There are 2 protein chains.
Amino acid sequence: MTYKLYYWPEIQGRGEFVRLALEEAGADYVDVEREPKSKRAAPLYKNREAPGAHPSFAPPYLVDGDLVIGQTANILLYLGARHDLAPSDEAGRLWVNQIQLTIADFVLEAHDTHHPIAGSLYYEDQKPEALRRSAIFRRDRMPEYLRWFERILERAPKGPGGSDASWLAGAHLSYADLSLFQVVAGLRYAFPKRMKALEPDLPRVVAAHDRVKERPRISAYLASPRRIAFNEMGIFRRYRELDAKD
Amino acid sequence: MTYKLYYWPEIQGRGEFVRLALEEAGADYVDVEREPKSKRAAPLYKNREAPGAHPSFAPPYLVDGDLVIGQTANILLYLGARHDLAPSDEAGRLWVNQIQLTIADFVLEAHDTHHPIAGSLYYEDQKPEALRRSAIFRRDRMPEYLRWFERILERAPKGPGGSDASWLAGAHLSYADLSLFQVVAGLRYAFPKRMKALEPDLPRVVAAHDRVKERPRISAYLASPRRIAFNEMGIFRRYRELDAKD
C-alpha cells in the first residue's frame, strides 16, 4: 500500500518529521501536494471542513488505505510501530512518544520566536514582539530543551562494546532520533550564532545528529530534490536580528 | 496499584486533564504534591534533572509502579487503554489521540494569550503583547477550533435511537470528551463574553460539556475539595481586558 502524505509543498515544516520517518523506513509514499498539479487534492486548509468522520484540524495528515491520521506525533506513533522505528514494548513506545511530544513543544516555541502574536500575521507585523520572545528563547529555552536531550542520550542504555553511540531510546534508532536531527539542523539554520555557543556542551546531541545524517537512506534523501531547503516560510527561519550568541 | 500524579498543587493546568480521566475511571491515585508536606517529592521543576532514564521535561507526570510517564496526551493514551476511556481498535485509538493533541494545541494557544513572550515573565510585563494576541485568538482561533469540535460531534456515529447524544469518537465516552469539557469550562472562565457570543453556534459542544459535568463521578469530583478552582496562576485566566464579545 502506498502512503499518501498531505502537507504544504513549499516548506519542511511539521511534515518534515513525517518525511524523514518515511524515508528512513524506505516506505512507498507520495508527497501529494508536490505532485504535478493535475493530481493535487483539494487545498490543504480545507481538510478541516472535508467530508468524512476524521477531518484534520491542520496538515500534515497521512492516508493509509481507509485510515486518515492527523497530528505529527500521532502519525509517527503509527509509522513507528509499522516500520521498526520505535521499541515494540509498551514502556519504550510511550517513552518515544513522550520525547516526540516534547520535541513538538520545542518546535512550536521555535516557530513562535518569529510569530509570537499570530500565525496569520506577517513576521514584519510582529517584529518587536519577535525580538523580545527570541531573546528569552535563546537564553533560556534552547539550553533547557537541548540539555534535556543531552542528558537522555547520556543515560540511554549503551550499544555493543559500551560505546557512546546510543540513541534517545537506547541501542536502536527511533523516529524521535530523526526528529532531533531535524531540530538541530533547523536551529543551526535559524540561530547559527546561538548554536555555535551551545554546541560544545552538547557532544551527544551533535554526534546523534551526525549519525542520522550519515545513514544511507537519510543521506540519499537529503541530497535529493525531495528535501526542500530551509526557507523563510517554514518553522525555522533565518532572521539575522533574532539570533545572537547569547 | 495506586497511581501517583505529579503536578503543581495550586492550579488545574495540564494536570487537570489527567485528574479528570483518573476521576472518571474511579482509579486509585494520589495527587502527590497536594499531600501533607512530609510526603512531598523533590520540587517538580527538578524532575528534568532527576535520576532515572526517563525524566520528564515538565510536569505533569504519572508514576505507575516502575513506569514514569510524562506529557499529558501520552499519560492519557496510557490511561485510556487501561480504563476503557478510548476505543480498543487501533483506528479509534489514533483518532482519540489526534483529537487530544489538537486540544493540547488549543490549550497552549489559550495560555499564550496571557503569556505571548515568555512563561517565565509576569503577565504584567507582557500586557501589550497579550492584548494583541488575545484579540486574534478570540476572533479567529476560538471559532476555528470550537467549530472543528462541533463538526466532529455532528458526524460522529450516533448512540442508540439515533439521538444526538454522541461523543467525539462515537457512542462511547473517551478521555478526549473529558478534555473538551475542561476546555469549555476554562474558556467560559477566561473569555465569558466571547463564549457567550460563540455558544449559540456550538450546540453539540455545549451539550457534550453538560453531559460530562453530570456524570456521577465527575459531578462528585467537581463538588469535592480535590477540584481546584480556576485562578490567575493557571492556563485559563480571567483578565477582563483580554475578553470581548468579538
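# Two chains, one interface

Across the interface of chain A and chain B, 24 residue pairs are in polar contact, both residues at pLDDT 80 or more. A polar contact here is a pair of N or O atoms within 3.5 Å; within protein, one must be able to donate a hydrogen and the other to accept it, and residues adjacent in sequence count only if both atoms are side-chain atoms.

Ground rules next. This is a predicted model, in which local features need pLDDT of at least 70 and side-chain atom pairs count only at pLDDT 80 or more, while totals for chains, interfaces and linings use all residues. Residues are numbered from 1 along each chain as its sequence is written, chains are lettered from A and ligands numbered from 1 in the order in which they are written, and side-chain values use heavy atoms, with hydrogens and water left out.

How many residues touch? 50 residues of chain A are in contact with 50 residues of chain B. Contact means heavy atoms within 4.5 Å. The area buried between the two chains is about 4,400 Å², and carbon and sulfur atoms give 54% of it. Buried area is the accessible area (1.4 Å probe) that two parts lose on being put together, summed over both.

Now symmetry. Chain A can be laid on chain B with an RMSD of 0.0 Å, by a turn of 180° and a shift of 0.0 Å along the axis. That is the relation of a two-fold axis. The superposition is by least squares on the C-alpha atoms of residues with pLDDT of at least 70 in both copies. The same surface serves both copies: 100% of the contact residues of chain A recur in chain B. Within chain A, A:P116 comes closest to the rotation axis, its C-alpha at 2.9 Å.

On to charges. Side chains of opposite charge can pair when their charged atoms come close. The rule for a salt bridge is a side-chain nitrogen of Lys or Arg within 4 Å of a carboxyl oxygen of Asp or Glu. Over all chains the count is 28 salt bridges. Between chain A and chain B it is six.

Take one that crosses. B:E90 and A:R82 meet in a salt bridge, 2.7 Å from N to O. B:E90 lies in helix 3 (residues 90-114) of chain B and A:R82 in helix 2 (residues 72-82) of chain A, so the pair joins two chains. B:E90 is partly exposed at 31% relative accessibility, and A:R82 is partly exposed at 35%. The cut-offs: buried is under 20% relative accessible area, exposed over 50%, partly exposed in between (1.4 Å probe, protein chains only). B:R82 and A:E90 also form a salt bridge, at 2.7 Å, N to O.

Now one inside chain A. A:R227 and A:E16 form a salt bridge at 2.8 Å, N to O. A:R227 lies in the segment after helix 8 (216-222) and A:E16 in helix 1 (residues 15-25), so the pair ties together parts that are 211 residues apart in sequence. Are these two buried or exposed? A:R227 and A:E16 are both buried.

In chain B, B:R204 pairs with B:E150, the closest N and O atoms being 3.3 Å apart. B:R204 is partly exposed at 24% relative accessibility, whereas B:E150 is buried at 6%.

Last, helix 2 of chain A. Nine of its eleven residues are buried, so helix 2 is largely enclosed by the rest of the structure. Among the buried ones are A:N74, A:Y78 and A:G80. After helix 2 comes A:D84, with a positive phi near 55°.

A:S174 sits between helix 4 and helix 5 (175-190) of chain A. A:S174 is buried, at 1% relative accessible area. Beyond its neighbours within four places in sequence, A:S174 is in contact with A:L85, A:A86 and A:V96.

Technical notes: Helix = DSSP H or I, 4+ residues; strand = E, 2+ residues; numbered from the N terminus.
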